[in-house]
Amino acid sequence: MSAQLALALVSTIRHDGNGGVADDLADLAGLNAWLREQAEPLREYVGGFEIRGGVVDERTRLDVVAVRRAARTLFAVAVRPGPPSRADSASLLPPQEAVARLNQAAGALPVRPVLSWAEEDTPSLAWRGEAADTRLAITAGLARAAIEFIAGPARDLLRACPAPRCVRYFVKDHPRQEWCKPSCGNRARVARHYQRHTAGR
């Protein structure tokens, strides 16, 4: 689950289709739409705290963007010696500052373990949040997902998509995967064909 949520967060920076970069979290409407899409995976990281769309403010948006910047910085570190995403070249934090920001955001939501053990069932453990503040719950949940991803085995499979104009990170699911999605592969092949064709003239 952490891979899904962490990648979804960093993927809110994307190619805009016109040679530039789009930011899905550039305004409150974008953040609210994204939070509605990510409600289920985010619930796991906020200890059951219910996050309703439409309740965030500008401070929440800025905090989420700060968590995303820290996560993208550490994703750029994780893909070394390969290059980072083209969108990150001018906005990366010092890695230790990124680590500190994620840790601080993740620690803002106190959680406690809750044991459930119905008769004749297997015991299960869940973590429950105690926050009264939606902003802290959102940023803590996103930071926890990023930390879990960065500290987990999927980090070794993280790549920056090398396709022209793409600025996404992806987890390499199989040995021959080179791009984040098929359309990026098509764009890369077209660009190579064009370069070969123009070089031969």
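Hi everyone. What we have here is a predicted model, where local features need pLDDT of at least 70, side-chain atom pairs count only at pLDDT 80 or more, and totals for chains, interfaces and linings use all residues. Residues are numbered from 1 along each chain as its sequence is written, and side-chain values use heavy atoms, with hydrogens and water left out.

Let's begin with the helices. Helices (H or I, at least four residues) and strands (E, at least two) are DSSP runs, numbered from the N terminus. Two packed helices are described by the angle between their axes and the distance between the axes. Axes are lines fitted to C-alpha atoms, for helices over the stretch in contact, and angles run from 0 to 180 degrees between N-to-C directions.

How do α4 and α6 pack? Their angle is about 10°, and their axes are 9 Å apart. That makes α4 roughly parallel to α6; angles under 35 degrees count as roughly parallel, over 145 as roughly antiparallel, 65 to 115 as roughly perpendicular and the rest as oblique. Among the residues that meet here are Val64, Val67 and Phe75 in α4, with Leu142, Ala146 and Phe149 in α6. Contact, by the way, means heavy atoms within 4.5 Å. By class, this contact has 11 nonpolar, two polar and three charged residues. For those classes, Ala, Val, Leu, Ile, Met, Phe, Trp, Tyr, Cys and Pro count as nonpolar, Asp, Glu, Lys and Arg as charged, and the others, Gly among them, as polar.

Helix α4, residues 58-78, also packs against α5, residues 95-106, at about 135° with the axes 9 Å apart. These two are therefore oblique to each other. Their contact includes Val67, Leu74 and Val77 of α4 and Val99, Leu102 and Ala105 of α5. Here the count is 10 nonpolar, one polar and two charged residues.

Now the core. In soluble globular proteins, nonpolar side chains tend to be buried together. A nonpolar core is a set of buried Ala, Val, Leu, Ile, Met, Phe, Trp, Tyr and Cys residues joined through side-chain atoms within 4.5 Å. Buried means under 20% relative accessible area, exposed over 50%, partly exposed in between (1.4 Å probe, protein chains only). Which members of the largest core touch the most others? Of its 42 residues, they are Trp34, Phe75, Leu102, Leu142 and Tyr169. Helix α6 gives the most to this core, with nine residues. Leu142 touches Leu5, Leu9, Trp34, Leu42, Val64 and Val67, leaving out residues up to four places away in sequence. A second, separate core has seven residues, including Trp179 and Cys180.

Finally, the backbone. Most residues other than glycine have a negative phi, and most peptide bonds are trans. Where is Pro81? It sits in the loop between α4 and α5, and the peptide bond from Arg80 to Pro81 is cis, with omega near 10°. Glu120 has a positive phi of about 65° although it is not a glycine. Glu120 lies in the loop between β3 and β4 and is exposed, at 79% relative accessible area. Arg165, also not a glycine, has a positive phi of about 70°. Arg165 belongs to the loop between β5 and β6 and is partly exposed, at 42%.
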